[in-house]
Amino acid sequence: GAAAAPVEEKTEFDVFIKDAGPKKIEVIKVMRQLSSVGLAEAKQMVEAGNTKVLEGATKEAANNAKTLLEAAGAVVELK
């Protein structure tokens, strides 16, 4: 029979903050480091929830961002 097509490993990831958690200021600081947005914009993005922090990031960069954000108290999702 025909062999199944190999599954391509995902190479680009989007990082989302689902919830800022209790330490919002820490999450905002990390958000600014990762995305280079201004303080007001970072605050709005974190408070909005379900915010895309990185788009098309490598697996390593996405996991690094996830680790930093979770350490600050955020709930993070990679897509």
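Lysine 29 pairs with glutamate 26 in a salt bridge, and their closest N and O atoms are 3.8 Å apart. The two residues sit three places apart in helix H1, so about one helical turn separates them. Lysine 29 is partly exposed, at 47% relative accessibility. Glutamate 26 is partly exposed too, with a relative accessible area of 36%. Keep in mind that this is a predicted model.

Why can such a pair form? Side chains of opposite charge can pair when their charged atoms come close. How many salt bridges does the count give? The count comes to seven. Some of them link separate parts of the chain. Take aspartate 14 and lysine 52, whose side chains meet in a salt bridge at 3.8 Å, N to O. Aspartate 14 belongs to strand S1 and lysine 52 to strand S2, so this pair ties together parts that are 38 residues apart in sequence. Lysine 52 has a relative accessible area of 31%, so this residue is partly exposed.

A salt bridge also joins the side chains of lysine 24 and glutamate 47, at 4.0 Å from N to O. Here lysine 24 lies in helix H1 and glutamate 47 in helix H2, so the pair ties together parts that are 23 residues apart in sequence. Lysine 24 counts as partly exposed, at 35% relative accessibility. Glutamate 47 is also partly exposed, at 41%.

Now look at how helices H1 and H2 pack. Their axes are 9 Å apart, and the angle between them is about 120°. That angle makes H1 oblique to H2. The crossing of the two helices is right-handed. Which residues meet there? From H1 come Lys24, Val27, Ile28, Met31 and Arg32. From H2 come Leu39, Ala42, Lys43, Met45, Val46 and Glu47. Lys24 and Glu47 are in both lists of meeting residues, and they are the salt-bridge partners described above.

Next, turn to the largest nonpolar core. It has 21 residues. Val15, Ile17, Val27, Met31, Val46, Val53 and Leu69 touch the most other members. Which elements give two or more residues to this core? They are strand S1 (13-19), helix H1 (24-35), helix H2 (39-48), strand S2 (51-57) and helix H3 (59-71). H1 gives the largest share, four residues.

Methionine 31 is then in contact with Ile17, Ser36, Ala42, Met45, Val46, Thr51, Val53 and Leu69. Threonine 51 is in strand S2. Is threonine 51 buried or exposed? At 10% relative accessibility, threonine 51 counts as buried. Beyond its neighbours within four places in sequence, threonine 51 is in contact with Val15, Phe16, Ile17, Met31 and Met45.

Strand S3, residues 75-78, holds glutamate 77. Glutamate 77 is partly exposed, at 28% relative accessibility. Which residues does glutamate 77 contact, leaving aside its neighbours within four places in sequence? They are Asp14, Val15, Phe16 and Lys18.

Finally, look at two loops. Serine 36 lies in the loop between H1 and H2. Its phi is near 55°, a positive value in a residue other than glycine. Serine 36 counts as exposed, at 66% relative accessibility. Asparagine 50 lies in the loop between H2 and S2. The phi of asparagine 50 is near 50°, again positive in a residue other than glycine. Asparagine 50 counts as partly exposed, at 46% relative accessibility.

Conventions: Residues numbered from 1 in each chain as written. Predicted model: local features only at pLDDT ≥ 70, side-chain atom pairs only at ≥ 80, totals over all residues. Heavy atoms only, no water. Core = buried A, V, L, I, M, F, W, Y, C linked by side-chain atoms within 4.5 Å. Buried < 20%, exposed > 50% of the residue type's maximum accessible area, 1.4 Å probe, protein only. Contact = heavy atoms within 4.5 Å. Axes fitted to C-alpha atoms, helices over the stretch in contact; angles between N-to-C directions. Parallel < 35°, antiparallel > 145°, perpendicular 65-115°, else oblique. Left-handed = near helix turned anticlockwise from the far one by under 90°.
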